[in-house]
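Hello,

Here is the structure I promised to pass on to you. Have a look at it first, and then read my notes below.

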Amino acid sequence: MVNRNLIRGLDLTEEDWQHELGEALEGTPLEEIDEWGARDVEVNKIVEGRVLRVENEVVLVDVGYKSEGIVFRNEWKDDEPLPKPGDTIKVLVEEVEDAQGLLDDGRGMITLSKRKAERIEAWMQVMEKVHEGDVVTGIATRKIKGGLLVDIGVNVFLPASQVDIRRPADIGDYIGRTIQCLVLKIDETRRNIVVSRRALIEEERSEKKSQLLSDLAVGQRRRGVVKNIAEFGAFVDLGGIDGLLHITDMSWGRINHPSEMVSIDQELEVQILHIDYEKEKIALGLKQKSASPWDDVEKKYPVGTVVRGTVVNVMTYGAFVKIEEGIEGLVHISEMSWTRRISHPNELVQIDDDIDVVVLAINKEKQEISLGMKQTQENPWDVVAERYPPGTTVKGVVRNLTNYGAFIEIEEGIDGLLHVSDISWTRKITHPNEVVEKGQEVECRVLSVDQQRRRIALGLKQLDEDPWLNAIPDKYQPGAVVKGPVTKITNFGVFVGLEDGLEGLLHISELADHKVENPEDIVKLGDEIEVKILRVDPDERKIGLSRKRVEWAEEARDEEEPEKGSRAEQGELRGGVGDSTGPLIKPREPAAAESQPDEPFAVGNQPATPEAVPEATEAVSEATEAVPEAALETGEGVVPGAEESALPDADSEAVPGAPEKPSHE
């Protein structure tokens, strides 16, 4: 065997070496020389070799090459005996030396691998027997990323998604088990095989499924094994096809999760409820094996029956009460208390509370029962009319305020409405907060009770006598002059405050003698003015006022001052502010009174006659009534600037021939 490292250590050059070698072999045939040399060894080729010796870390093997090869000792397993010198083994040539020696081996030896040789031989044997689509059997050896390694002579890859129809929680449970798989793909270049246990199971199940579907029928009972559990139910293997056992079909009673009824790998008997042959879906039932408690629910719990149950669930809209296993009813929040205002049912009940309820209604088809809690107690509205008859004075607390009134709680859960129109006799209330406030205790009078609609009408002003019956008419007589502030100005007149809450209307036509376009030209808000009362209407609760008539009266008094002496001599006029002994109207004096002392007084252009007196009296009354009612309310129907004689003063003599109103000019 040529040791090239030794040759390189000599001083001979390559040319000298060739010359010496040629002389040494002179006369020897070339074929014989070739036989002397080592055979060529190809990389990645399996060859047989003879074990020369076993060292601490390597095993020296002669493969017929010009230098020995080495196999590392760790390629023999711990339980595998080491070879002995002279043994023949198969190895894979991994690397060989070149003219300069082995690149990564300073000892100039080729690198061999026993383990790889065995794998390649095993692979070649498998390739001769196994093809895509074949069924192979092997042992799951270990768990790797994404799946398992299965030894079928060579290690093949079994993805985790292909271990079973439904991916198990831990695929490591299959390690050490002998399993059958279907070969999905063979990659000869990479020496990689992918197998699937799931595909094999599905293929087998498909055959069984077709047969099973033809045998199944609705109403049958079959035994199966629970394969998977979800929030909505459990999947049960019937022996080739899975059926869904929904949570609602597990028990007639309430369950929160399917795991309360079944467990994985549990064998149970179920009933076939529905079969979808096209989609190959089967609905299963467990509770249907026993009679439904709803079958005779109407006989057991007729409407109006008081039963005792347990609260099993509380929602925002009510509480569910179990009255027996499989039968639950709903107590709506509106059926919990007659009077108490409840924002959430847990204010009255909690889960696991035992309570008495009344059956209100039963819907057997939908399996629903309406229950009531308040019906177990007396309804206070049944006796509210007896306890609070109209006219009763009650005390209560203002619970709530609205634009139209105040709700007053006269006892727990029983409110009465104090409308804004029933707060004051005279004051105009736009919002109840002008008089009362939330939480305030007030005293009211019951006006009416509507027991059917559960309403009580209350009044605050009714505690006092209506002032429009006597007090106001007595205090504010027509013709009286009063003073008050301007409280409101409108386009048709002015409102004047007479006392707290009491106002009178000063129509625009009664502001001044001249035509008034805008009341604010005459008076301002808050001005104190004197007005004369024209009319008091207790039925309509209105008072008509006049400002210009106050001025008339003042001017009339100023003109009458010089005539007091002569009037005293002639006597007072009947119908004025004096006594009733004088005539009804003042006779018109002739131009020369001295020349006609005995001429009777005239009415208009005609001499006065006894018949004229009652006619004049009627004229005064009719003229007074001629003031339109609407003029005292809104000003409608009165033409601004109309003749003032159409609105006579109650104290003036408004008859034909009477003195004209004092001039303001």
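**Salt bridges**

Asp296 and Lys300 form a salt bridge, with their closest N and O atoms 3.8 Å apart. Please keep in mind that this is a predicted model. Asp296 is partly exposed at 35% relative accessibility, and Lys300 is partly exposed too, at 33%.

A search of the whole structure finds 19 salt bridges. Another of them joins Glu328 to Arg254, where the closest N and O atoms are 2.7 Å apart. This pair links distant parts of the chain, 74 residues apart: Glu328 sits in strand β18, and Arg254 in the loop between β13 and β14. Glu328 has 18% relative accessibility, so it counts as buried, while Arg254 is partly exposed at 37%.

Glu411 forms a salt bridge with Arg387, and here the closest N and O atoms are 2.9 Å apart. Because Glu411 lies in strand β22 and Arg387 in helix α7, the pair ties together parts that are 24 residues apart in sequence. Salt bridges with shared partners also join Asp296, Lys300 and Glu324 into one network.

**Core and barrel**

The largest nonpolar core has 23 residues, and Leu158, Ile193 and Val195 have the most contacts inside it. Elements that each supply at least two residues of this core include α4, β6 and β10.

Elsewhere to look: 5 strands close into a barrel in the order β26-β27-β28-β30-β29, with mixed pairing. The twist averages 55° from one strand to the next. Strands β27 and β28 pair in the antiparallel sense over 6 bridges, and Glu499 stands opposite Leu502 in β28.

Enjoy exploring!

Key: Residues are numbered from 1 along each chain as its sequence is written. This is a predicted model: local features need pLDDT of at least 70, side-chain atom pairs count only at pLDDT 80 or more; totals for chains, interfaces and linings use all residues. Side-chain values use heavy atoms; hydrogens and water are left out. A nonpolar core is a set of buried Ala, Val, Leu, Ile, Met, Phe, Trp, Tyr and Cys residues joined through side-chain atoms within 4.5 Å. Buried means under 20% relative accessible area, exposed over 50%, partly exposed in between (1.4 Å probe, protein chains only). Helices (H or I, at least four residues) and strands (E, at least two) are DSSP runs, numbered from the N terminus. Two strands pair if DSSP finds at least two bridges between them. Axes are lines fitted to C-alpha atoms, for helices over the stretch in contact, and angles run from 0 to 180 degrees between N-to-C directions. A salt bridge is a side-chain nitrogen of Lys or Arg within 4 Å of a carboxyl oxygen of Asp or Glu.
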